[in-house]
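Hi,

Here is the structure I promised to pass on.

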Amino acid sequence: MIQRKLLSQSLKIATLIGLFSFVACSHEENAQKNTVDASTIPVTGEIEAELTSPPFVPASVGNRSAKKLIVNMEILEEEGEMTDGVKYIYWTFGGSVPGSFIRTRVGDEVEFTLKNHPENKLPHNIDLHAVTGPGGGAASSFVAPGHEVTFSFKTLNPGLYVYHCATAPVGMHIANGMYGLILVEPEGGLPKVDKEYYIMQGDFYTKGANGQPGLQPFDMQKAVDEDADYVVFNGKVGALTGDNALTAKVGETVRLFVGNGGPNLVSSFHVIGEIFDRVNVEGGSTINKNVQTTLIPSGGAAIVEFKVDVPGTFIIVDHSIFRAFNKGALGMIKVEGEDNKRLYSGKQTEGIYNPEGGSIQSMPGNNEVTAPKANSVAERIELGKQIYSQTCFACHQGEGQGIASAFPPLANSDYLNADVDRAINIVLHGKTGEITVNGDKYNSVMTAQTLSDEEVANVLTFVYNSWGNNKTEVTPTMVLKAKSSH
Ligand SMILES: [Cu+2]
């Protein structure tokens, strides 16, 4: 509902800055295309490449000359956490999913050494989409555990490129996390911005259903069927939420290097409450402006830039929206700074909406007449279950498990079980501010639910009598009491 609120209320901001820079840039690009043949750019000296794990990127190349760039990449197969309680064996370039970010400039001669750690179980290789050559390097980089190989390539085309493992079964190597991004900056470097981050989407296929605990092996059949259990940014649920959220300050320009490793799904990349001032479409040189959602193909990328004008938490999603709220494709950018009421007012007024022709006004939540009355605890639970599946489950999820760092669990919730009056008031009035549930901190917004006293009683009775909670029965009288004492 935070998301929906932002969507419906966000004021659309005109981006004049984008308009001006467009003219300058397209000019620059044309000039460059027409005059520079990258294969003839001379290389002077050599440097070791800085490699970073997501969401960070190495320092920009600026106006350095083309050089021999030494890249040392180590492949590691290691256990990680997909989401709370769910383990997965990731295969990684450099120990992270996505793999280490590589930053080069056009004309660099990249000397690439790929090392396969002796404790790994499988051979691997690398196909870099920035490479002009057979297999994008895959043909020259096949490497067994305990071995290393070296090959070189010259970067001929500026852009943001995906790299990935291309060892059979290719889909499985990619599905296990073997992908990352390599940026080839144009002559003179990309324009300066205030913040740069690295995000990569991926879809994952596990033997168990979404959320099923324990070490989950890869499921080949689900992968073939493109039936993903998890769709996530940066390798796991919650990699970019809560304490891991990206940050920026009001007035700053943020640049996101966004890739999609797949193996299967195309991303409808969107930041709720922001408009991309500039997008390097498909990671290439075409710049689109004023974009709401940009499509990132599997094995493709995009560079998106936007100036953050107002403070708040901006939610990053794959706008194929069930992936965001049910499979993990959700991140956050926390923007701090002064409010700008001229650009975004916040809620200004709230009144009673009385449609024409309607004669009886009722406050939302007071329509006791229409709500069915429960005659037993069992009936209360049954009616409450329906309410739960209509209103609460979107955030707290089907089994009350919540979503790490975004929506607290109602299953086995110590917070819920400790204080029934508090729970009633949360459903009646909503909740914001930091709370700790089962040892994890949440700091988000739950909006007030428009439910009658009877419905509040029923839904809470259902929750209290499900998923290991303490079996409290909440009655309408208790709701009324909690209300008046609030
Ligand atoms: Cu591999």
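T104 sits in strand 4, which covers residues 102-105. In this predicted model, T104 has a relative accessibility of 0%, so it counts as buried. If you skip residues up to four places away in sequence, T104 touches V61, R64, L69, V110, T155, I182, L183, V184 and E185.

G202 is part of strand 10 (residues 195-204). The relative accessible area of G202 is 0% as well, so this residue is buried. Its contacts, leaving out neighbours within four places in sequence, are Y179, Y230, V231, V232 and G262. Take Y230: it is 28 residues away from G202 in sequence, while the C-alpha to C-alpha distance is 8.2 Å.

Then there's Q397, in the loop between helix 7 (377-396) and helix 8 (414-418). Is Q397 buried or exposed? With a relative accessible area of 6%, against a cut-off of under 20%, Q397 is buried. Beyond residues up to four places away in sequence, Q397 touches F325, N326, Y388, C392, G402 and I403.

Which residues coordinate the copper ion? The donors are H124 through ND1, C165 through SG, H173 through ND1 and M178 through SD, at 2.0 to 2.5 Å. Along the chain, these donors follow the spacing H-x40-C-x7-H-x4-M. C165 belongs to the loop between strand 8 (159-164) and helix 4 (170-175), and M178 to the loop between helix 4 and strand 9 (179-185), so this pair ties together parts that are 13 residues apart in sequence. Both C165 and M178 are buried.

Why is the arrangement around the copper ion called irregular? The four donor atoms subtend angles of 87 to 137°, and tetrahedral would need all angles to lie between 85 and 135 degrees. The arrangement therefore comes out as irregular.

On to the helix packing. Helix 9 (residues 420-429) packs with helix 10 at an angle of about 125°, and their axes are 11 Å apart. These two helices are therefore oblique to each other, and helix 9 passes helix 10 in a right-handed crossing. On the helix 9 side, the contact is made by V420, A423, I424, V427 and L428, and on the helix 10 side by V456, L460 and Y464.

Helix 10 (residues 453-464) also pairs with helix 11 (residues 476-485): their axes come within 8 Å and cross at roughly 110°. That makes helix 10 roughly perpendicular to helix 11. This crossing, too, is right-handed. Here D453, E454, V456 and A457 of helix 10 meet P476, V479, L480 and K483 of helix 11.

Finally, the overall numbers. The protein chain has eleven helices and 23 strands. Of its 486 residues, 50% are buried. Among contacts with a separation of 6 or more, 70% are between residues 24 or more positions apart.

Cheers

Methods: Residues numbered from 1 in each chain as written. Predicted model: local features only at pLDDT ≥ 70, side-chain atom pairs only at ≥ 80, totals over all residues. Heavy atoms only, no water. Donors = N, O, S within 2.8 Å, 3.2 Å for Na, K, Ca; no water. Tetrahedral: all angles 85-135°; square planar, octahedral: opposite > 155°, others 65-115°. Helix = DSSP H or I, 4+ residues; strand = E, 2+ residues; numbered from the N terminus. Buried < 20%, exposed > 50% of the residue type's maximum accessible area, 1.4 Å probe, protein only. Axes fitted to C-alpha atoms, helices over the stretch in contact; angles between N-to-C directions. Parallel < 35°, antiparallel > 145°, perpendicular 65-115°, else oblique. Left-handed = near helix turned anticlockwise from the far one by under 90°. Contact = heavy atoms within 4.5 Å.
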